[in-house]
Amino acid sequence: MATSAALNTLTSAAFIMVVPAAVVGRTADRVSHPAEALKRYRPPSRLSNWQSAHEVFPKTGASGFALPACWAENDDLPLGISGGTPPPEFDHSKSRPLHATRVDRVTRSCFVAVAARTDLAFQQCIDPACRATFSVDEVLTACPSCGNLLDVEYDWDRLRPPTSFEIFERKWMRRSDPLALSGVWRFHELLPYAPRESVVTIGEGQTLLSPSDGVGGYVGMNPGRLLLQYEGLNPSGSFKDNGMSAAFTHARMIGARRAACASTGNTSASLAVYCAVTRLMRGIIFIGSGKISYGKLSQALDYGALTIQIAGDFDDAMARVKEVAGKLGIYLVNSVNPFRLEGQKTIMFRVLESLGWDPPDWIVVPGGNLGNSSAFGKAFAELRKIGLIDRIPRLAVINAAGANTLHELYTNRGLRWEGGRADLAPACHYYDELDRAHKRADTIASAIEINRPVNLNKCLRALEVCDGVVREVSEQEILDAKAQVGAGGLGCEPASAASVAGARQLVAEGVIGRDERVVCILTGHQLKDPTATVAYHTTDQKLFNEVLGSRGVSRASFANRSVSVGNRLDEIVQAIDLYG
Ligand SMILES: Cc1ncc(COP(=O)(O)O)c(C=O)c1O
Ligand SMILES: [Zn+2]
């Protein structure tokens, strides 16, 4: 990972939101002595990088320090992970910044707590050359030592994970238990970082794996071989709720009171709905001005989130939200937050569940910030590690051609994870090239209109785990595929249709066999972006040109045109006879 730190200053700027206890050093095998860890710890240069004492340690009160809420044993969980009391509400107005001298005291006292109680779940740098570890009580979006991304990791040997999938099936009998009902927390044993009492759920993950021969025929598959995983059924209408539930749970564990994200729309809708339903946090969203569809913007506004439109695109909003979250000590829920991805693993668990635990041959997913693809790779690697599966599906990540960083780096420039030893210089060079050419991401699939995917490194790792491929698809291909998905009965937004368009390309290339079993992830609901849908089906050439023609879309081969008639019975009857 020669240039991983440099890359991360470009992609996921190494920034620490909280974190005195970040000094806790632990390797995968042992907990290092506090004094040893302290030596490796580099404190932030400015005090403003610390959160307020209250946000870091909710139980402390305005004076004096106590340890965060400890977990107690809970017999309900066979995991060794405990139940306990969630952090209490606290009066934000009384919080004040930590003074430098006190940080040290808090830090030291935390060593003891961490060593004693969080060794079953912890955060760990993904860089094999670093592997620094941190408590799950800490709020980090990058490794303080090297700047790389972090995973939530588990000591599976000691956790005694499930030895069969039966435990999850049994939970179907307990639908009155919100944690069994949730399509995320039904799999709590596979993301065991939170005590049951801290879990936040609003009923996410009631989603559907639906066979679709209509769409399958379009893709080129034989009957019965294509399935659509419809994440549009989540409470906010996209897959984001899987991750948001997990991030909210973590935020609750550490007592955060405000959460922020940069968003192309769906993360903000999800954050906003979790804030509105749970009242646990105030949501602040950053969006690129004019870069969000009305469906998504309307959700954030309706749910009452503070919505800040900044002059720029998603990449600008992402850079800013990190800066602001650091300055103000606000909990960040973008997918650089490793807890988000724990929730998104469950999309794969549900796919397996729907297939009787028999892995499909392929998972095809759109790629934007690359959180999903990263989470999917982690899900399969963990399932194999704990012995629940012995075969991992192949992964296809599909970029829009107008936002094709991953495709460019992986397919064209040969960038690979290489067990974590990759030289990431090509990524740095590519970002420089983009800057020099003033090239911005540009696609009708606004949800994946991202040129600097924050999870690039993790996605490379997932592609290695899953023997993956990456493709790019044009605007035309996206819209045609979207129309086919709609005609098949599960409408989706443009970004989601990239998965279907990508699968079609891979079948045409012969990479995916017609008889293989393929799952395309439909990440967001059709109603998220009605503008694109209406423009595709319209008879109004001006509207078509404005919305789609301007992007190089030249035809709407699968359009379902509305028929205009006068308000007269005979004309209406004639229209029905003609078209019906
Ligand atoms: C509908 C939809 N599809 C795909 C993506 C991209 O997902 P990821 O960032 O996990 O690659 C997003 C992200 O915003 C999205 O909203
Ligand atoms: Zn590191």
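**Loops, helix, sheet and ligand shell**

User: Is H438 buried or exposed?
Analyst: H438 has 6 other C-beta atoms within 10 Å. A residue is buried if 20 or more other C-beta atoms lie within 10 Å of its own, exposed if 12 or fewer, and partly exposed in between, with C-beta atoms placed from the backbone. H438 therefore counts as exposed.

User: What kind of model is this?
Analyst: Residues are numbered from 1 along each chain as its sequence is written, while chains are lettered from A and ligands numbered from 1 in the order in which they are written. Local features need pLDDT of at least 70 and side-chain atom pairs count only at pLDDT 80 or more, whereas totals for chains, interfaces and linings use all residues, since the model is predicted.

User: Where is H438 found, and what is its phi?
Analyst: H438 is in the loop between α16 (425-436) and α17 (456-465); helices (H or I, at least four residues) and strands (E, at least two) are DSSP runs, numbered from the N terminus. Most residues other than glycine have a negative phi. H438 is not a glycine, yet its phi is positive, near 50 degrees.

User: Is L370 buried or exposed?
Analyst: L370, in the loop between β12 (362-366) and α14, also has a positive phi, about 70 degrees, without being a glycine. Its count of C-beta neighbours inside 10 Å is 27, so L370 is buried.

User: How many residues of α9 are buried?
Analyst: Helix α9 (residues 240-254) has 15 residues and spans 21 Å from first C-alpha to last, close to the expected 21 Å. That expected span is 1.5 Å times one less than the number of residues. Just after α9, G255 has a positive phi of about 80 degrees. As for cover, the buried residues of α9 number 15 of 15.

User: Which strands stand at the edges of the three-stranded sheet?
Analyst: This open sheet has the order β4-β3-β5 with antiparallel pairing, where two strands pair if DSSP finds at least two bridges between them. Each edge strand has a single partner, so one side of it is left without a neighbour in the sheet; these strands are β4 (133-135) and β5 (150-154).

User: Which residue in β4 is the bridge partner of Q124?
Analyst: Strand β3 (residues 121-125) runs antiparallel to β4, and three bridges join them. In β4, the partner of Q124 is T133.

User: Which domains each give at least three residues to the shell around ligand 1?
Analyst: The shell has 19 residues, with G368, N369, A447, T523 and G524 the closest; a residue is near a molecule if its C-beta atom, placed from the backbone, lies within 6 Å of it. Helices α10 (266-278), α14 (371-385) and α19 (494-509) each supply at least two shell residues. Domain bounds come from an automatic or database domain assignment. The domains asked for are domain 2 (208-235 + 339-527) and domain 3 (237-338).

User: How far apart in space are H525 and G237?
Analyst: H525 lies in the loop between β15 (518-522) and α20 (530-537). With 22 other C-beta atoms within 10 Å, H525 is buried. H525 and G237 are 288 residues apart in sequence, but their C-alpha to C-alpha distance is 5.3 Å.
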